[in-house]
Amino acid sequence: MDMVTIEKMTTQHLAEVITLGVVEAQKQFVGSIDDILKNANAQIRPHVIFTEDQIVGFFLIDTTYAEKYDFVSQSHSIGLRSFFIDKKYQGKGYAKQAILALSNYLSEAYPNHSTIYLTVNCQNPIAKGLYLKGGFEDTNTLYHGGAAGPQHIMVKALV
Ligand SMILES: CC(C)(COP(=O)(O)OP(=O)(O)OC[C@H]1O[C@@H](n2cnc3c(N)ncnc32)[C@H](O)[C@@H]1OP(=O)(O)O)[C@@H](O)C(=O)NCCC(=O)NCCS
């Protein structure tokens with residue numbers, strides 16, 4: 001199987017990144033890439049998931065997560081947002097590889113952060129299962145602020 005790598009997104013990736021998307025039924029879970037990129041800034045940083053020389057997926061690392069959400073108990077926390085694998089590349093194990101690679105990447109790129117949080121829609125069991133396999137724990141509390149219904153709050157310690 002092709003190996004996956006994680007990189008910070010640069011302007012050189014933009015032309016390929018704007019072609020990424022999910023299938024219709026998944027659009028309730030992640031916005032369009034255009035809308036996601038509008039959220040990106042110096043503190044909410046876009047990342048790309050590569051396999052060989054293709055970009056297959058995308059996510060944001062949000063360093064403002066602890067300030068933004070009351071459910072974050074540790075101040076040295078970051079958030080994973082807008083994680084997705086492009087529709088053409090789903091079901092090939094790339095998401096699982098990327099989630100497993102995330103800890104190592106983050107401990108180098110964000111050494112001052114000790115935990116990572118995310119929320120996942122209660123109607124998205126595939127993504128929730130993926131995060132559990134990737135070492136995230138369900139905090140067994142729900143976040144009700146999302147537009148598409150309640151979300152599980154999940155957390156992972158970064159070592
Ligand atoms: C969730 C998502 C990231 C998974 O990406 P992926 O690359 O297809 O996932 P993988 O191939 O790595 O599979 C991960 C696990 O999910 C399972 N899975 C993936 N797609 C599945 C499907 N359609 N039906 C059932 N199980 C599925 C796999 O079997 C695998 O489990 P396993 O390790 O026990 O075999 C992808 O479906 C996606 O981008 N969805 C839309 C966006 C989204 O929901 N993001 C999460 C926001 S919190």
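**Note on the ligand site**

1. Four elements each give at least two residues to the shell around the ligand: β4 (77-85), α4 (94-109), β5 (115-121) and α5 (125-133). The largest share comes from α5, with 5 residues. Keep in mind that this is a predicted model.

2. In total, 22 residues surround the ligand. Phe83, Gly91, Gly93, Asn124 and Lys133 are the closest. By class, the shell holds 13 nonpolar, 6 polar and 3 charged residues.

3. Which side chains place an N or O atom 2.7 Å or 2.8 Å from a ligand oxygen? For Lys96, the distance from a side-chain N or O atom to an oxygen of the ligand is 2.8 Å. Gly93 takes part through its backbone: one of its polar backbone atoms is 2.7 Å from a ligand oxygen.

4. How much of the ligand's accessible area does the protein cover? On its own, the ligand has 930 Å² of accessible area, and the protein covers 71% of that. As for location, the ligand sits in the largest pocket.

5. On annotation, UniProt lists residues 4-159 as "domain: N-acetyltransferase", in an unreviewed entry. Over that range the chain is 26% helix and 33% strand.

Conventions: Residues are numbered from 1 along each chain as its sequence is written. This is a predicted model: local features need pLDDT of at least 70, side-chain atom pairs count only at pLDDT 80 or more; totals for chains, interfaces and linings use all residues. Side-chain values use heavy atoms; hydrogens and water are left out. UniProt positions are given in the numbering used here, feature names are shortened, and annotations may be inferred rather than shown by experiment. A residue is near a molecule or strand if one of its heavy atoms lies within 4 Å of it. A polar contact is a pair of N or O atoms within 3.5 Å; within protein, one must be able to donate a hydrogen and the other to accept it, and residues adjacent in sequence count only if both atoms are side-chain atoms. Accessible areas come from the Shrake-Rupley method with a 1.4 Å probe; for residues, only the protein chains shown count as cover. On a 1 Å grid over the protein atoms alone, a cavity is a set of points where a 1.4 Å probe fits but cannot get out, and a pocket is an open set with protein on both sides within 12 Å along at least five of seven lines; lining residues have an atom within 4 Å of a point. A molecule sits in a cavity or pocket if more than half of its atoms lie within 2 Å of its grid points. Ala, Val, Leu, Ile, Met, Phe, Trp, Tyr, Cys and Pro count as nonpolar, Asp, Glu, Lys and Arg as charged, and the others, Gly among them, as polar.
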